[in-house]
Amino acid sequence: MSDLERRIRALEDRASIAELIASYGPYADAGNGEGIGSLWADGGTYTFDATRLQHPDIAGLVELESHRGLMAAGCAHVLSAPSVRIQGDTAVAANHSIVLVRRSETWVAERVSANRWNLVRTEAGWRVASRDNRLLTGGEWARELFAL
Amino acid sequence: MSDLERRIRALEDRASIAELIASYGPYADAGNGEGIGSLWADGGTYTFDATRLQHPDIAGLVELESHRGLMAAGCAHVLSAPSVRIQGDTAVAANHSIVLVRRSETWVAERVSANRWNLVRTEAGWRVASRDNRLLTGGEWARELFAL
Amino acid sequence: MSDLERRIRALEDRASIAELIASYGPYADAGNGEGIGSLWADGGTYTFDATRLQHPDIAGLVELESHRGLMAAGCAHVLSAPSVRIQGDTAVAANHSIVLVRRSETWVAERVSANRWNLVRTEAGWRVASRDNRLLTGGEWARELFAL
């Protein structure tokens with residue numbers, strides 16, 4: 001691979017990972033389990049609170065009573081633009097996620113979390129190997145996800 | 001066009017669209033109608049609530065009583081990093097927008113919306129052909145904007 | 001430099017600046033002063049409210065009583081994807097920052113600011129020459145940071 005090609009590929013990697021993470025929120029709010037599932041690698045995990053889901057069960061997230069309740073109320077899963085470190089065929093990304101829920105006339109931030117994403121290059125492109133999501137309630141436990 | 005050039009152009013397309021969408025919020029909060037107008041293609045539309053504005057009238061958005069009220073109170077039009085699908089000379093993007101308004105000592109999320117952007121490559125670069133913005137109040141009507 | 005190389009470099013510049021700004025939030029919430037400090041150029045400044053910090057003192061931000069209080073309560077420094085204009089070896093970026101703080105069972109937006117970043121290409125890559133952060137409380141003073 002030429003030097004220019006290597007630089008283009010590094011840019012493509014970064015763009016693909018940004019797109020992967022940016023598509024989570026719209027999928028979640030649309031209740032699109034299949035879309036969410038497509039972001040993870042085989043056997044990949046999504047861990048939040050006391051729950052750990054593993055691909056392909058992650059698609060079932062949108063059927064959870066808690067998720068259906070959010071959608072019925074009116075919700076937005078907003079993810080911030082991630083900080084991404086790529087090393088060959090793996091990458092680590094950190095960002096925030098906010099779940100805003102419609103209550104009366106305004107929306108309330110009912111979940112605000114630190115997220116760490118371990119990503120892997122597969123034959124089908126970049127996928128999530130694991131995503132850890134921890135509520136930022138003041139403890140070191142959540143903050144340590146931001147120690148890249 | 002060589003293969004490398006094609007890949008570079010795909011990256012440039014993605015970067016241009018990200019920049020276009022990222023510039024909306026600062027323009028809106030600065031009351032810069034001309035800046036907002038420059039993002040849309042000739043005849044392009046912006047539809048929100050029961051309002052549909054068409055270019056070049058979109059620039060007048062910042063003169064609306066409602067917009068002036070938000071600016072006087074202190075507001076932030078925050079747009080999340082979009083998920084973008086490009087096909088040749090058109091593209092579709094999905095993201096969230098949040099309007100935070102200063103009330104007493106804190107800011108309240110008074111609008112939280114799903115957004116779908118139809119974009120078009122023009123001679124002057126990428127522009128918005130249509131933007132649909134619908135409040136996420138629990139109905140399918142808003143969520144369907146996220147069905148890409 | 002060939003035309004293709006120039007285009008690749010422009011894309012790399014944009015990606016580097018996006019990464020720089022995206023890494024601020026996770027560093028701030030993790031209390032990582034060294035990480036924050038590494039984003040600024042020698043002599044670079046960070047101005048917010050009535051405070052102006054200068055590199056390398058910016059790293060001390062996380063030791064401020066105010067910052068420690070936010071971390072103890074549970075906080076998220078969320079930065080929106082920036083609009084970026086690059087000209088040679090300098091660049092200007094504009095975006096929002098939101099500080100969400102855990103209060104009772106939800107998170108409250110206690111700071112919502114306009115940010116203008118002046119960036120400079122150094123031998124070590126892009127760094128912040130100055131960042132200005134002003135609360136969006138309705139005054140022209142904050143909004144003018146968005147006049148790019």
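Gln87(A) stands opposite Thr90(A), a residue of S5(A). This is a predicted model, in which local features need pLDDT of at least 70, side-chain atom pairs count only at pLDDT 80 or more, and totals for chains, interfaces and linings use all residues. Residues are numbered from 1 along each chain as its sequence is written, while chains are lettered from A and ligands numbered from 1 in the order in which they are written.

To start with chain A, strand S5 covers residues 90–103 and is mostly covered, 11 of its 14 residues being buried (20 or more other C-beta atoms within 10 Å of a residue's own; 12 or fewer make it exposed, anything in between partly exposed, with C-beta atoms placed from the backbone). Helices (H or I, at least four residues) and strands (E, at least two) are DSSP runs, numbered from the N terminus. Strand S4 (residues 83–87) pairs with S5(A) in the antiparallel sense over five bridges; pairing here takes at least two bridges found by DSSP between the strands. Two residues sit between S4(A) and S5(A) in their hairpin, where Gly88(A) adopts a positive phi near 65°.

Between chains B and C, 27 residues of chain B are in contact with 25 residues of chain C, contact meaning C-beta atoms, placed from the backbone, within 7 Å. On the chain B side, at least two residues each come from helix H1 (3–30), helix H3 (65–73), strand S3 (75–79), strand S5 (90–103) and strand S6 (106–122). H1(B) gives the largest share of that side, 14 residues. By type, the side of chain B that touches chain C splits into 17 nonpolar, five polar and five charged residues (Ala, Val, Leu, Ile, Met, Phe, Trp, Tyr, Cys and Pro count as nonpolar, Asp, Glu, Lys and Arg as charged, and the others, Gly among them, as polar).

As for how the two copies are related, a 120° rotation with 0.0 Å of shift along its axis superposes chain B on chain C, RMSD 0.0 Å, by least squares on the C-alpha atoms of residues with pLDDT of at least 70 in both. The two copies are therefore related as by a three-fold rotation axis. In chain B, Ala81(B) has the C-alpha nearest the axis, 3.4 Å from it. The copies use different surfaces, and 15% of the contact residues of chain B recur in chain C.

Helix H1 (residues 3–22) of chain C packs with H1(B) at an angle of about 35°, the axes being 10 Å apart. Axes are lines fitted to C-alpha atoms, for helices over the stretch in contact, and angles run from 0 to 180 degrees between N-to-C directions. Residues of H1(B) including Leu4(B), Ile8(B) and Leu11(B) take part in the meeting with H1(C), whose own residues there include Arg7(C) and Arg14(C). That contact divides into seven nonpolar, no polar and four charged residues.

Technical notes:
Two residues are in contact if their C-beta atoms, placed from the backbone, lie within 7 Å.
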